[in-house]
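Student: I have a model open and want to read it residue by residue. Can we go through it together?

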Amino acid sequence: METKFSPANAVVKLCMKGMALEDSGNTTEAAETFQQAWHAATDDYERFIAAYHLGRVQKSPEEKLEWMERSVQCALEINDENVKSAYPNLYRNIADCHKELGDLENAKRNEELAQSFEGPPTDTGPFYHGTKADLAVGDLLTAGGNSNYRDGLKMNHIYFAAGADGAGLAAALAAGEGKERVYQVEPTGEFENDPNVTDKKFPGNLTRSYRSKEPLRIVGEETEWTALTPAELQKMRESSAKKTGEIIN
């Protein structure tokens, strides 16, 4: 199944712009940008993302509820691994709106819905891991490597994604001078949503990024993915270097 989320998507770009405006204190302009994203949306996936962000910035619980319900309805129209991880977040937001409006029965019902969708991922891949290491089919990738985002940090998990493009980005950011490689992998044990991206900027785990304490087995090599331009990669590195927030390890 193809991963739908893409930072190159026009609606995603508008939502990222809106969030940047929020961070700088321009809340009115941010709301207008999210409204632009809603009008620019061409399918349920884009509408699901835009409606979520519009819901977040509403001042009244009635308006927030309306947008969050639109978002979850669009997600339900898709109802695959690209949106399922967002259900707990969406239903919990809806529950909070009902609670604020004094509708405790609907608040409880939606909280129960949120809890019903929690648990380990059900994604079956295919999965990919990006690196500069020259490896072979059958090799095992294990936890304990250096973080691509924080010097001196040894990672307690091995990371992977359901999209080759995301793995390609990880390969580009990996330390070393070797060739960027993207391997198709299969988990040998349990795995979880990557908490460093899940429910951060977007609802759920839209990039379908995962991690495991158990090894990943290499089952093939991917040769085609959408790579960042040198300018985009440099911007990504500079942005990573500026970040001081905690990495959940």
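Student: Which residues is Ser209 in contact with, leaving aside neighbours within four places in sequence?
Tutor: This is a predicted model. Start from the position: Ser209 is found in strand β6, residues 209–212. Contact here means heavy atoms within 4.5 Å. With the sequence neighbours left aside, the list for Ser209 is Phe160, Ala161, Glu192, Asn193, Asp194 and Val197.

Student: Is Ser209 buried or exposed?
Tutor: The relative accessible area of Ser209 is 15%. Buried means under 20%. Because 15% falls under that cut-off, Ser209 is buried.

Student: Which side chain makes a polar contact with the side chain of Ser209?
Tutor: Look for a pair of N or O atoms within 3.5 Å. For Ser209 there is a side-chain pair at 2.7 Å. The partner is Thr207.

Student: Which residues of β6 lie on each side, and are they buried or exposed?
Tutor: In a regular strand the side chains alternate between the two faces of the sheet. In β6, Ser209 and Arg211 take one side, and Tyr210 and Ser212 take the other. Both faces are covered, and these four residues are all buried.

Student: How many bridges join β3 to β6?
Tutor: Strand β3 covers residues 158–161 and runs antiparallel to β6. The number of bridges between β3 and β6 is four.

Student: Is Arg208 buried or exposed?
Tutor: Arg208 lies in the loop between β5 and β6. The relative accessible area of Arg208 is 0%. The cut-off for buried is under 20%, so Arg208 is buried.

Student: Which side chain is joined to that of Arg208 by a polar contact of 2.8 Å?
Tutor: Beyond four places in sequence, Arg208 is in contact with residues including Met1, Glu81, Asp123 and Gly125. Within that list, look for the side chain in a polar contact with Arg208. That side chain belongs to Asp123.

Student: What is omega for the bond that joins Gly125 and Pro126?
Tutor: Most residues other than glycine have a negative phi, and most peptide bonds are trans. The bond between Gly125 and Pro126 is cis. Pro126 sits in the loop between α6 and β1. Omega is about 10°.

Student: What is the phi of Asn79, and where does Asn79 lie?
Tutor: Asn79 is not a glycine, yet its phi is positive. Asn79 is partly exposed, at 39% relative accessible area. The place is the loop between α4 (61–78) and α5 (87–100), and phi is about 50°.

Student: What is the phi of Asp199?
Tutor: Asp199 lies in the loop between β5 and β6. Asp199 is partly exposed, with a relative accessible area of 37%. Asp199 is not a glycine but has a positive phi, about 55°.

Student: How many residues line the second largest pocket, and which are closest to its centre?
Tutor: The pocket has a volume of about 350 Å³. The lining numbers 17 residues, and the closest to the centre are Lys84, Ser85, Phe117, Gly119 and Asn193.

Student: How many residues of each class are in the lining of the second largest pocket?
Tutor: Gly counts as polar in this sorting. By class, the lining has six nonpolar, seven polar and four charged residues.

Student: Which residue stands opposite Arg217 in β4?
Tutor: Strand β4 covers residues 181–187. Six bridges join β4 to β7, and the two run antiparallel. Arg217 in β7 stands opposite Glu186.

Student: Which residue in β7 stands opposite Leu141?
Tutor: β2 and β7 pair in the antiparallel sense over two bridges. Strand β7 covers residues 216–222. Opposite Leu141 stands Leu216.

Student: How far apart in space are Ala136 and Arg217, C-alpha to C-alpha?
Tutor: Ala136 sits in the loop between β1 and β2. At 40% relative accessibility, Ala136 is partly exposed. In sequence, Ala136 and Arg217 are 81 residues apart. In space, the separation is 9.8 Å.

Definitions and conventions
Residues are numbered from 1 along each chain as its sequence is written. This is a predicted model: local features need pLDDT of at least 70, side-chain atom pairs count only at pLDDT 80 or more; totals for chains, interfaces and linings use all residues. Side-chain values use heavy atoms; hydrogens and water are left out. Buried means under 20% relative accessible area, exposed over 50%, partly exposed in between (1.4 Å probe, protein chains only). A polar contact is a pair of N or O atoms within 3.5 Å; within protein, one must be able to donate a hydrogen and the other to accept it, and residues adjacent in sequence count only if both atoms are side-chain atoms. On a 1 Å grid over the protein atoms alone, a cavity is a set of points where a 1.4 Å probe fits but cannot get out, and a pocket is an open set with protein on both sides within 12 Å along at least five of seven lines; lining residues have an atom within 4 Å of a point. Grid points are joined across faces, edges and corners, and a volume is the space filled by probe spheres set on the points. Two strands pair if DSSP finds at least two bridges between them.
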